[in-house]
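Biologist: Let's go through this one together, and please spell out your cut-offs as they come up.

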Amino acid sequence: PDQLERRKNHAFFFSESLGESNHETLIDMTETNDAVAIWRHVDHPIKNAPPPGACAGAPEFFAKIAESSPQAPYWNLSLIGTGIRGAGLGGALLHHRLDRLSGPVALWTANEANLIFYEKFGFIVFSRIDGVGISAWWLMREEAVSQALRPP
């Protein structure tokens with residue numbers, strides 16, 4: 001709930017994520033810079049680390065998120081954010097990129113309210129991760145989930 005701490009944690013998390021040189025990264029922004037979406041092509045298992053000073057259970061929770069991730073390769077929506085909620089900016093950025101990507105698309109969220117938003121764009125729950133007092137969900141586009149669940 002502390003906005004300063006949240007901002008610091010996000011800066012750490014996304015700097016680490018974008019700093020991985022072995023991922024192709026696409027960054028989409030609205031013309032007015034009111035919204036951004038960051039996409040990464042994942043071609044090997046993900047590694048997400050909690051920010052420094054995170055609670056004791058955070059490393060285990062982040063490890064569970066990595067273990068539950070879809071099998072690579074896939075496009076990962078690493079971040080979508082808007083300065084103006086409810087204006088359709090996030091949806092416009094999603095439509096823009098989803099119309100251009102080929103192959104599986106996935107994301108994870110720890111905000112249950114986001115599930116309804118992403119469902120509008122064809123995402124369904126691929127896996128759920130539970131930690132102490134927190135849950136997260138991996139979501140994939142519906143057509144990719146059926147492919148991911150097929151036996152090799």
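Biologist: Where is Pro73 found?
Modeller: Pro73 is found in the loop between α2 (58–67) and β3, where helices (H or I, at least four residues) and strands (E, at least two) are DSSP runs numbered from the N terminus. Please keep in mind that this is a predicted model, in which local features need pLDDT of at least 70 and side-chain atom pairs count only at pLDDT 80 or more, while totals for chains, interfaces and linings use all residues. Residues are numbered from 1 along each chain as its sequence is written, and side-chain values use heavy atoms, with hydrogens and water left out.

Biologist: And what kind of peptide bond joins Ala72 and Pro73?
Modeller: That bond is cis, with omega at about 10°. Most peptide bonds are trans, and most residues other than glycine have a negative phi.

Biologist: Which residue has a positive phi, then?
Modeller: Asn33 has a phi near 60°, and Asn33 is not a glycine. Asn33 sits in the loop between β1 and β2, and Asn33 is exposed, with a relative accessible area of 53%. Here exposed means over 50% relative accessible area, buried means under 20%, and partly exposed is in between, with a 1.4 Å probe and protein chains only.

Biologist: Is Thr30 buried or exposed?
Modeller: Thr30, in the loop between β1 (24–29) and β2, is buried at a relative accessible area of 13%. Its side chain reaches the backbone nitrogen of Asp34 at 2.9 Å, which counts as a polar contact because the rule asks for N or O atoms within 3.5 Å, one able to donate a hydrogen and the other to accept it, with residues adjacent in sequence counted only if both atoms are side-chain atoms.

Biologist: What else is Thr30 in contact with?
Modeller: Leaving aside neighbours within four places in sequence, Thr30 is in contact (heavy atoms within 4.5 Å) with Ala35, Leu89 and Leu93. The C-alpha atoms of Thr30 and Leu93 are separated by 7.5 Å, although the two residues are 63 residues apart along the chain.

Biologist: How many residues of α3 are buried?
Modeller: Seven of its 10 residues are buried, so α3 is largely enclosed by the rest of the structure. The buried residues are Leu89, Gly90, Gly91, Leu93, Leu94, Arg97 and Leu98.

Biologist: How many residues are in the largest nonpolar core?
Modeller: That core has 18 residues, and Trp39 and Phe123 have the most contacts inside it; a nonpolar core is a set of buried Ala, Val, Leu, Ile, Met, Phe, Trp, Tyr and Cys residues joined through side-chain atoms within 4.5 Å. At least two residues each come from β2 (35–42), β3 (74–82), α3 (89–98), β4 (105–109), α4 (114–119) and β6 (134–141), and α3 gives the most, with four residues. Apart from this core lies another, of 11 residues, among them Phe61, Ile65, Ala136 and Met140.

Biologist: What does Phe123 touch?
Modeller: Not counting residues up to four places away in sequence, Phe123 touches Leu98, Val105, Ala106, Leu107, Tyr118, Leu139, Met140 and Arg141. Arg141 also lies over the face of Phe123, at 5.9 Å from the ring centre, where the rule is that NZ of Lys or CZ of Arg be within 6 Å of the ring centre and within 35 degrees of the ring normal.

Biologist: Switching to rings, how many aromatic pairs are found?
Modeller: The whole structure holds six aromatic pairs, which are rings of Phe, Tyr and Trp (its six-membered ring) with centres within 6.5 Å, planes under 30 degrees apart counting as stacked, over 60 as edge-to-face and the rest as tilted. The rings of Phe61 and Phe62 have centres 6.5 Å apart and planes at 85°, so that pair is edge-to-face, and both residues are buried. Tyr74 and Trp138 are likewise edge-to-face, with centres 6.1 Å apart and planes at 85°, and this pair links strand β3 to strand β6, 64 residues apart.

Biologist: Which residues do ring pairs link into a cluster?
Modeller: Phe117, Tyr118, Phe121 and Phe123 form that cluster.
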